[in-house]
Structure formats: C-alpha cells, structure tokens
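This briefing concerns selected helix packing and sheet features of one structure. Please consult the sequence and the coordinates alongside the points that follow.

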Amino acid sequence: MGKNASKLESSAAQGGHEINGDTHIRGGRRFVDGAEDKRWERLPLDVLQRMEEERLEREEGAMAACAPAVSESSTSEVFDALTKLDDRLVATLASSAIRLVRSEWLLQQPADYRMPCRQKLEALEREGITPSPLLSAEEAVALVRRGQRAAAVLSHGWLTPGDPDPAGERFRVVISALQARPCLEAIFWDYSSLFQNPPGGCRTPEERAAFDRAIKVMGDLYASAIGTTVLQIKEIPTRPAEFDGALCLFELAEGIGEAQVRSALEPFGTIVGCELDSQPAIVRFSTHTAALGAVAAAATMRGLCAGIDVQYNERSYDGRTGDADGRADDTGRGWCSFESSVSSELISRLGVVPKLRAELDALPPKVLVLSSDALPMEQAAGGGDELGARVRQNIATIEAARFTGSGDKPIVVELYKEYVSRIAGVLQNTLHLVAASVPARNSMPSAPTVAVPQPLPFLLADGQAVLPIINREARDRGGEGVAASVGVVRSLQIKPSLGGDDCSLTFDGISQVVVPSGGDGGTGFDLFGPD
C-alpha cells in the first residue's frame, strides 16, 4: 500500500490536485492522468488508492502479456525469413518518409492534448525537447527489425478534413491503449507521421515526394508479420454541435464564387455562412439535415467542385446497418477497408505453415481493437476462407466503401492488388526456406488395404513398331534417357531396329507406339520380315 499511495500522491501533485481524505481526482480515463473527466464522482482517498493498486496490477499483467515469448524451437532461419518481408518498409523508414511517434513522449502529454501534424512535431524536435516526440530513422528501423511487434500502427477514420481528431477523442483512446500495452514503444499516426498540407497551402515538393514514397508501402506497414501491431479505432464519436450544418466543398472549380455556391446550394436549406477561402471551402446551413441533403445530391453538382461532404465525417469504419443512434447506413470508409484487409493478409498466408504459425502465435497480438470504454481487444486473424475468394471479397469491400478524396478509390484498389501480387511472389521464396524444416503436425493415417484383380498382360501384335526405353534408370528418375531407336514387337520382346539387346514388352519399357501396324495379319508392315 505504501508505494502505491506515494505514486498516487505524486501523480496528483503533477496534475495540480491536492489529495486528502475528502477530496477527489478527476483525470482522463484514468484518474492518475491529471486531466479533468466529469465521469468521476467524489471518492475518498482509500478508494482511490485501491483503484490505483488495481491499475498497477493490470499494467504488470499487460507487461507480461507483451513480453515476446521466444521458444526453444525458434530458429534464425524463420526470423530472417519473416523480417526480410519488411525490407521495403524498412527502406522507407530509413529515408524518413515515415516518422514514428515516440510513446514515451505521448504519455507525458495532458489529457486534453491535440495531436499536431508532422511538420509541427519536427519543429518541436528541432527545439531539442526531451524526449524527442519522434523516433529517429535509425531508431524506427531498429524497432521494426527487432521483430517483436513493438511499433504500433493506427487505423482510424478522420473526423474532419483538416483535423482528424478535433475534440481529442482519438488521442485519449490511444493513450489508454499505450498504458495498457507498454510494449508498444512508438506509433505510426498518419497525421503526425506523414507530411500534411498546411492550412490554406500545400506540401513542399520535397514533402510531397516523401509522402508519395510513404503511400506506396502502406500495405507493408499494416501487414508486417513481426514488425508492427495494428490498433483499430472503429467507434465514431458523436458529432460536436459546432459542426452541425457544416458542408465541405473540395477543390472549387475555377471561377466559382459565393453567388454560384449559394445558387447551387440554397435549394437544400438556409445558408448562414460561406468560407470560400478556407481549404476546403466551408458552407454552413441552418440545419444539419440541409447539409446531408446537399451531400445526397452531390452527383448533380459536378461543375461546382470536385467533391461534397459534411465537415464532420460520421461514416462508419467498415459499414453500418441499423445504427442504434439513428445514423445513416453506409458501406464504410475506403482507407479503413484497405488497412483492415492488409492487416490480416500476410498473417493469413503465413499461418498455413505450422512452424511459422508457432512463431507468430508466440508474439503479442497482431491486431487490437480500441474503444473509449474498454481495454484493447485482440482481433483474431482471418484465413479460414479460400485465398482467391478472400482477395476478391477484400477488393469488393474497398470498391464499395466511400472515399472522401475523389481520386483515392482507384489508387487504393491498385495499392491492394499490387501488394497482394508482390507478396505472393515474395512468399514463394520465404515458404521454401522454411518448408524443409517443417515437421509434420499430424501423422497420416495408414492407407487402407484394397483387393484388386491381377492386371491383364500388356499385348501388342507382332510387327508393331514402338519406341523402347533403353535406359531404365532414367525412367526411374522420371525421364527417358537418350533418344532410343525404333524397335518392333516380336513374341513379347522388343527387338531394336539398329541392333542391341532385346527389351521386355512392358508398360515401363515403352515410350510410345510410333507406327500403327496390323502385325502379321498384313494390314501393316514388319521391319524384320517373318524371321
């Protein structure tokens, strides 16, 4: 009790709360986080101390669960084969096209923190803050190469175009997951790991080139068998009131001004504001129903802009039907569908080899589903479906999903197809390296005894021309040896036409019949005559 109470008091002091027998702490999703959370009621100190003890016990259990289990049967051959599959990803990390956010730094931020974009994190890095918010390229490569799935990869739907997490809901969920899984030392968070377009502007040419390089290895990043753990956030927070009625117009057409925008959109409801200088342009209706009506009619307004959507994106992660909160049915999000598909693609293929499956099962879970009201839940790997059917289903799911960017769908579909095609080729070599040392998981049952009649003798008429197999050893090895000369059947023997020993007339002694012949009956011919 003593050390836990000290840690509790220390945590409270850091958060600016005074603890005595009558006060309480309200902090984040865990009362030691030091940030206000109105879900906590006033609690006496002894209750808080007991809760802190339970939390510490959970952390110790999580640490044990995260520890990689290295079996005695683990071989460097298996590890080398699996880590080689990350070569493309490692090359991109080494180039700094992708930066991983340091978990230690994230856990030091207040509960109401808002994740900044990558450019701002690199500015903090240049200021020399400790610990650095981003892993160096060398640290990121070493973390993935370690092969313990210690690099987390976040899969989530952006809630608004310019800010994926405007209320900090995602941040709190991720922090909770990192606390529960301390083995996750860094995280790929797209907004903070990839260069972003600044407000009202565009990436520099160098940033754009790095972004394009990173996009090409998204499949490798999410699918890595031993390098990464995927964290999926599927829940969609309730829309804040400030986004009611807000509509985004992506890439306004040349020459379109406020008059044309109002003329096109006023039939759907009263417009209370236009912000055409922002990126994307924002139109505000008096009701959210009006904004949804404009989205439904987007196909009729192609001359206005490249795309139309509500500013706060409540679309589900992977499809929704009959939502309890009354939100509309949908087919899910395109990028989320891609990330989910590739997350299990490689694991499903590798799992067919018992030795590889044993090594993979010894690692922490590949995919964890996160939520705001529960600990991370392991998602079982797929693989029960036939391979071709699964690939076709994944492509259909991605194509049916909705993309905010008008040009993203064909790009993402091709990304998935390219990844599947490339990994299939790479796996040919990987599985071959391991196959020789794979023990049989189950012994085969003994073959049943079946009574069969004696075979009929092999009969060909005398005078039938055939191509005999002279080299029987070659036949035993699966070939035919050197080319043999034509022979003729004579009294169940084969007499070579150019001399040599006779051969037995057997199935294994003949390559093919080369000249149809009627034998001694006279419809064919006999190379040797009657003698």
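The axes of helix 14 (residues 334-350) and helix 16 (residues 387-400) come within 9 Å and cross at roughly 170°. Helix 14 is therefore roughly antiparallel to helix 16 (the term applies to angles over 145 degrees). The model is predicted: local features need pLDDT of at least 70, side-chain atom pairs count only at pLDDT 80 or more, and totals for chains, interfaces and linings use all residues. Residues are numbered from 1 along each chain as its sequence is written, and side-chain values use heavy atoms, with hydrogens and water left out.

**Helix 14 and helix 16**

- The crossing of helix 14 with helix 16 is left-handed (the near helix is turned anticlockwise from the far one by less than a right angle; clockwise would be right-handed).
- On helix 14, the residues S337, F338, S341, E345, S348 and R349 meet L387, R390, V391, N394, T397 and I398 of helix 16.
- The residues of this contact between helix 14 and helix 16 comprise four nonpolar, five polar and three charged (Ala, Val, Leu, Ile, Met, Phe, Trp, Tyr, Cys and Pro count as nonpolar, Asp, Glu, Lys and Arg as charged, and the others, Gly among them, as polar).

**Helix 4 and helix 7**

- Helix 4 (residues 87-94) packs with helix 7 (residues 137-145) at an angle of about 160°, their axes being 8 Å apart (axes are lines fitted to C-alpha atoms, for helices over the stretch in contact, and angles run from 0 to 180 degrees between N-to-C directions).
- Helix 4 is thus roughly antiparallel to helix 7, and it passes helix 7 in a right-handed crossing.
- D87, L89, V90, L93 and A94 of helix 4 meet A137, A140, V141, V144 and R145 of helix 7.
- This contact of helix 4 with helix 7 divides into eight nonpolar, no polar and two charged residues.

**The sheet and strand 8**

- Four strands form an open sheet in the order 6-7-5-8, with antiparallel pairing (two strands pair if DSSP finds at least two bridges between them).
- Strand 6 (271-275) and strand 8 are at the edges with a single partner strand each, so one side of each lacks a neighbour in the sheet.
- Strand 5 (residues 246-252) runs antiparallel to strand 8, and five bridges join them.
- L249 has I308 as its bridge partner in strand 8, and L252 stands opposite C305.
- Strand 8 (residues 305-310) is largely enclosed by the rest of the structure, because five of its six residues are buried (under 20% relative accessible area, 1.4 Å probe, protein chains only).

Notes
Buried means under 20% relative accessible area, exposed over 50%, partly exposed in between (1.4 Å probe, protein chains only). Helices (H or I, at least four residues) and strands (E, at least two) are DSSP runs, numbered from the N terminus. Angles under 35 degrees count as roughly parallel, over 145 as roughly antiparallel, 65 to 115 as roughly perpendicular and the rest as oblique. Contact means heavy atoms within 4.5 Å.
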